[in-house]
Each structure stands twice: as structure tokens, then as C-alpha cells.
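Subject: Structure handover

Hello,

Here is the structure for you to look over. My notes on it follow below.

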Amino acid sequence: MAWQDDMVTMLRVIIDDNGNNQEYSNSRLEEVIVVAATMTKKEIDFDNDYIISVSNVTISPDPVTNSDDAFVNIVTLKSACLLANSEYKTEAGRAITVRDGSSAIDNKGVAAAKKVWRDSICEDYSKAEREYRIGNSQAGKSIIGPYGHLSSNQSNNTTRNRPSY
């Protein structure tokens, strides 16, 4: 269960879903990782030939055991991008402005912040994919590092990857 442990932990750190109030279950994140692996495998020709089963939630051989850092990093970033896109889509559907006399409620800013967050994470994935395609076997390492928690597009003086609301 090496990929399930390591890649889920890495994904939680990237999307800032760790601690006591986790939004996603481990099984849900494993499903997202397997879907992302399937999509990424169609886009990139990795050195190892992975057999991925969405229905069984499996990746074989285990990319963590095989020390395939590029696969692990790129698929984890793709997973984060998929989740960020889903969260943005959900918030965009809730983005409303209500005015009643002098009072107003406007939560469009939440959707806008989610879009910025999504764009940042998905750009990190695109950057890692480009790095791999041009021959960098450690693609994505500079972005997520050893369980790095900051998106490469954000400054190091922040403690969260998600925008504040």
C-alpha cells in the first residue's frame, strides 16, 4: 500500500486537507489519484508501464516502491488539479449576489479565489508535465518537493495553499 499512503499524504498536503477536519476520505483521494493516473498515462509516456484499474482502485506496479518520482509527482499534481477544478465548479455554482435595501450579500469572491487556486495548481501540473516531456526525470520535484505544501506560484510567507475567504 505504498502509493496509497505516500500519494494520499502528498495530495492532502497540496490541497491543504490534513489535520483533524479532513474534507476528503482516504478512499476518495485514492479514487481521484487512480483517475488522474489514467488520464496522465494517456498524455505522457512514462518509463514504466503501469496497469491502472479505476474500478479496483489499483496501480501496478507500485510507483512508490519503484521510486518513480516523476510518475508520483505528476499524477499527484494532476489529482490536485482535478480536485481544485471540482471545488471551483461547486463554488461557481453558489456564487450569488443578493441586495435588499442597504444590505448586500456577495459570495462571488469565494468562487474567484477558488479559480485562482485552481489555476495555480493546474499550472503546476502543466509545468511538471512539460519538464518531464523535455527530459527532466524528476519532474514536479521542484514544485512539490518532499511533501511540499506550497504551490510554486505562491510566496513562502504564507502557511496555506488555499486562498483565504
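**Overall layout**

The chain has 5 helices and 4 strands. Helices (H or I, at least four residues) and strands (E, at least two) are DSSP runs, numbered from the N terminus. In sequence order the pattern is α-α-β-β-α-β-β-α-α.

This is a predicted model: local features need pLDDT of at least 70, side-chain atom pairs count only at pLDDT 80 or more, and totals for chains, interfaces and linings use all residues. Residues are numbered from 1 along each chain as its sequence is written, and side-chain values use heavy atoms, with hydrogens and water left out.

The mean pLDDT (the predictor's confidence in each residue, from 0 to 100) is 81 for the chain, and 77% of its residues reach 70 or more. Over residues 146–165 the pLDDT is below 50. Beyond near neighbours in sequence, that stretch still has 41 contacts in the model. A contact means heavy atoms within 4.5 Å.

Of the 165 residues in the chain, 42% are buried. Buried means under 20% relative accessible area, exposed over 50%, and partly exposed in between (1.4 Å probe, protein chains only). Among contacts between residues at least 6 apart in sequence, 62% join residues at least 24 apart. The chain exposes about 9000 Å², and carbon and sulfur atoms supply 47% of that. Accessible areas come from the Shrake-Rupley method with a 1.4 Å probe; for residues, only the protein chains shown count as cover.

**Helix 1 and what follows**

Helix 1 covers residues 2–15, 14 residues in total. From first C-alpha to last it reaches 20 Å, close to the 20 Å expected at 1.5 Å a residue. The expected span is 1.5 Å times one less than the number of residues.

Helix 1 is largely enclosed by the rest of the structure, because 10 of its 14 residues are buried. Among them are Trp-3, Met-7, Leu-11 and Ile-15. Arg-12 is also buried, at a relative accessible area of 6%.

Asp-16 comes after helix 1, in the loop between helix 1 and helix 2. Its phi is near 55°, a positive value in a residue other than glycine.

Asp-17 forms a salt bridge with Arg-12, with the closest N and O atoms 2.8 Å apart. A salt bridge is a side-chain nitrogen of Lys or Arg within 4 Å of a carboxyl oxygen of Asp or Glu. Asp-17 is buried too, with a relative accessible area of 3%.

**Other salt bridges**

How many salt bridges are there by this rule? The count comes to 9.

Glu-43 and Lys-78 meet in one of them, at 3.7 Å from N to O. This pair links distant parts of the chain: Glu-43 is in helix 2 and Lys-78 in helix 3 (residues 69–94), 35 residues apart. Glu-43 is partly exposed, at 31% relative accessible area. Lys-78 is buried, at 9%.

Arg-118 and Asp-119 form another, with the closest N and O atoms 2.9 Å apart. Arg-118 counts as buried at 16% relative accessibility. Asp-119 is partly exposed, at 33%. Lys-115, Arg-118 and Asp-119 are linked in a network of salt bridges.

Which residues make the nonpolar surface patch of about 200 Å²? They are Val-35, Met-39 and Val-54. Patches are made of residues with over 30% relative accessible area and no salt bridge: like charges are joined within 9 Å, nonpolar side chains (Val, Leu, Ile, Met, Phe, Trp, Tyr) within 5 Å.

Met-39 lies in helix 2 (residues 26–43), and Val-35 is in helix 2 as well. Both are partly exposed: Met-39 at 31% relative accessible area, Val-35 at 32%.

Not counting residues up to four places away in sequence, Val-35 touches Val-54 and Leu-82. The C-alpha atoms of Val-35 and Lys-78 are 9.3 Å apart, across 43 residues of chain.

**Backbone points to check**

A cis peptide bond joins Ser-60 and Pro-61, with omega about -5°. Pro-61 sits in the loop between strand 2 (58–60) and helix 3.

Val-57 has a positive phi, near 55°, and is not a glycine. Val-57 is in the loop between strand 1 (51–53) and strand 2.

Best wishes
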